[in-house]
Amino acid sequence: MYITHLECGLCGLEHEARRLLNLCRACGKPLLVRYDLERAQQTLTKESLASRRSDLWRYREVLPVDNDENIVSFGEGWTPLLRASRLGESIGLRELFIKDESQNPTQSFKARGMAAAVSMAKELGAKKLAVPSAGNAAGALAAYAARAGLEAFIFMPRDTPRANVVECEQTGAHVTLMDGLITDCGAEVGRRKEAEGWFDVSTLKEPYRVEGKKTLGYEVAEQLNWELPDVIIYPTGGGTGLIGMWKAFDEMERMGWIGSKRPRMVTVQAAGCAPIVRAIEEGKRFADEFPNAATTASGLRVPKAIGDFLILDALRESGGTAVSVTDEELIAATREIGAAEGVFCAPEGAACLPALRKLIDSGDVKASDRVVLFNTGSGVKYMESFATD
Ligand SMILES: *Cc1c(COP(=O)(O)O)cnc(C)c1O
Ligand SMILES: [Zn+2]
């Protein structure tokens, strides 16, 4: 057990670690996990990784869960960082990579977060887990809860991709479809959770999904031989992966694994739901709710994120930015990436390509920059998005 405490991401208030907690009791913002890194680094060394398991639990000392028996796993993480030479050449980049998260259990990177969150919920005694989801978080929670022997209560917009609804039903979850957006689903969980005895595992409303997703940062560093890329392009909804990677870089620096250089972090959002892009343009630390959110990239249809300030702080500190792309652009990019590299991206992941083009056009990304795009899920779950193709 290397966790020392939980710390509020906004006001810094410390909370004790071994309890089921959601948000900061003082200000209602997300809690982040802090570790005794000096102790962790005694056994978690770069050299030790060579002989460790090939999933995200290879970074065991900087992950939650006290007792190994509580780890709920399908072998998530340690996905390939694919060199995308043909695509890179076509847009004038020498070193382009795709972190292919479609190869995770339940076909998206939501598996990383849910592996950590469900393991911790199990360890700390929760029995019923509830989540609002735009799709992939639901599929991941349903699978991990079933594997843990826990109940999953899932709330999704009625127009969520059908694959996500069916996978939840077939893995034993209680599914409720709602008229509205993920924010409306979240409000419903909030209203009912106390009476129903549900533990809320919404994005950033519990501390451990970020811990699972931060392993993206450890993996990219390890796969690039401990030299971080110049630019990371990340399709951002609730922002868990981006916040997690930023946290991972900080932890790795404290353990002496990397220096102070950071990638420029770039958020990609759909033009129909771009609250973070708008907040960057307007210089705000908290993002306003985006009105009438609409995009076929369902994972990006998050009009208001509780961790908005953590995303925005990371983008600004890194010298990065936020870019929006239209649905037409991201759907066209799915085929372009697929044809060039053979990766059938989720529309969210495909959105990274038109964003990258815009950054090349504006001079923000240069031919010599080493760039990593995050393909966060598989296109297979989005048949509706390609229906008119
Ligand atoms: C959830 C999701 C995202 C957004 O991830 P966040 O960490 O919430 O920003 C992007 N792509 C896919 C495929 C998703 O399922
Ligand atoms: Zn606080």
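Where is the place of asparagine 292? Asparagine 292 belongs to the loop between helix 9 (275–282) and helix 10 (308–317).

## Basis of the model

This is a predicted model, in which local features need pLDDT of at least 70, side-chain atom pairs count only at pLDDT 80 or more, and totals for chains, interfaces and linings use all residues. Residues are numbered from 1 along each chain as its sequence is written, chains are lettered from A and ligands numbered from 1 in the order in which they are written, and side-chain values use heavy atoms, with hydrogens and water left out. Helices (H or I, at least four residues) and strands (E, at least two) are DSSP runs, numbered from the N terminus.

Phi of asparagine 292 is near 50°, a positive value in a residue other than glycine. Asparagine 292 counts as exposed because its relative accessibility is 76%; buried means under 20% relative accessible area, exposed over 50%, and partly exposed in between (1.4 Å probe, protein chains only).

Asparagine 225 has a positive phi of about 55°, although it is not a glycine. Its place is in the loop between helix 7 and strand 10, and with 61% relative accessibility asparagine 225 is exposed.

## Aromatic pairs

Rings of Phe, Tyr and Trp (its six-membered ring) pair if their centres lie within 6.5 Å; planes under 30 degrees apart count as stacked, over 60 as edge-to-face and the rest as tilted. By this rule the count comes to 11 aromatic pairs. In one of them, phenylalanine 109 and tyrosine 234 have ring centres 6.0 Å apart and planes at 50°, so the pair is tilted. Phenylalanine 109 lies in the loop between strand 5 (95–100) and helix 3 (110–123), and tyrosine 234 in strand 10 (residues 231–235), so the pair ties together parts that are 125 residues apart in sequence. Phenylalanine 109 is buried at 5% relative accessibility, and tyrosine 234 is buried at 1%.

The rings of tryptophan 226 and tryptophan 257 have centres 5.1 Å apart and planes at 70°, so this pair is edge-to-face. Tryptophan 226 is in the loop between helix 7 (209–223) and strand 10, and tryptophan 257 is in the loop between helix 8 (240–254) and strand 11 (264–270), so the pair ties together parts that are 31 residues apart in sequence. Tryptophan 226 is buried at 17% relative accessibility, and tryptophan 257 is buried with a relative accessible area of 7%. Ring pairs link Tyr59, Tyr218, Trp226 and Trp257 into a cluster.

## Charges over rings

A charge sits over a ring if NZ of Lys or CZ of Arg is within 6 Å of the ring centre and within 35 degrees of the ring normal. Arginine 39 lies over the face of tyrosine 2, 4.3 Å from the ring centre. Over the ring of phenylalanine 74 sits the charged end of arginine 147, 5.0 Å from the centre.

## Strands and sheets

Two strands pair if DSSP finds at least two bridges between them. An open sheet of three strands has the order 2-1-3, with antiparallel pairing. Strand 2 (14–15) and strand 3 (31–35) are at the edges with a single partner strand each, so one side of each is left without a neighbour in the sheet. Strand 1 (residues 3–8) is joined to strand 3 by five bridges, and isoleucine 3 stands opposite tyrosine 35 in strand 3.

Parallel pairing occurs between strand 6 (residues 128–132) and strand 7, through five bridges. The bridge partner of lysine 128 in strand 7 is glutamate 151. In strand 7 (residues 151–157), six of the seven residues are buried.

Strand 10 and strand 11 also run parallel and are joined by five bridges; tyrosine 234 has threonine 267 in strand 11 as its bridge partner. Five of the five residues of strand 10 are buried. Val231, Ile233 and Pro235 point one way from strand 10, and Ile232 and Tyr234 the other way.

## Helix packing

Helix 4 (residues 136–148) and helix 5 (residues 162–170) pack at an angle of about 15°, with their axes 9 Å apart. Axes are lines fitted to C-alpha atoms, for helices over the stretch in contact, and angles run from 0 to 180 degrees between N-to-C directions. Helix 4 and helix 5 are therefore roughly parallel to each other (angles under 35 degrees count as roughly parallel, over 145 as roughly antiparallel, 65 to 115 as roughly perpendicular and the rest as oblique).

## Cysteine 345

Cysteine 345 lies in the loop between helix 11 (327–341) and helix 12 (347–350). Cysteine 345 is buried, with a relative accessible area of 1%. Cysteine 345 and aspartate 100 are 245 residues apart in sequence and 8.5 Å apart in space, C-alpha to C-alpha.
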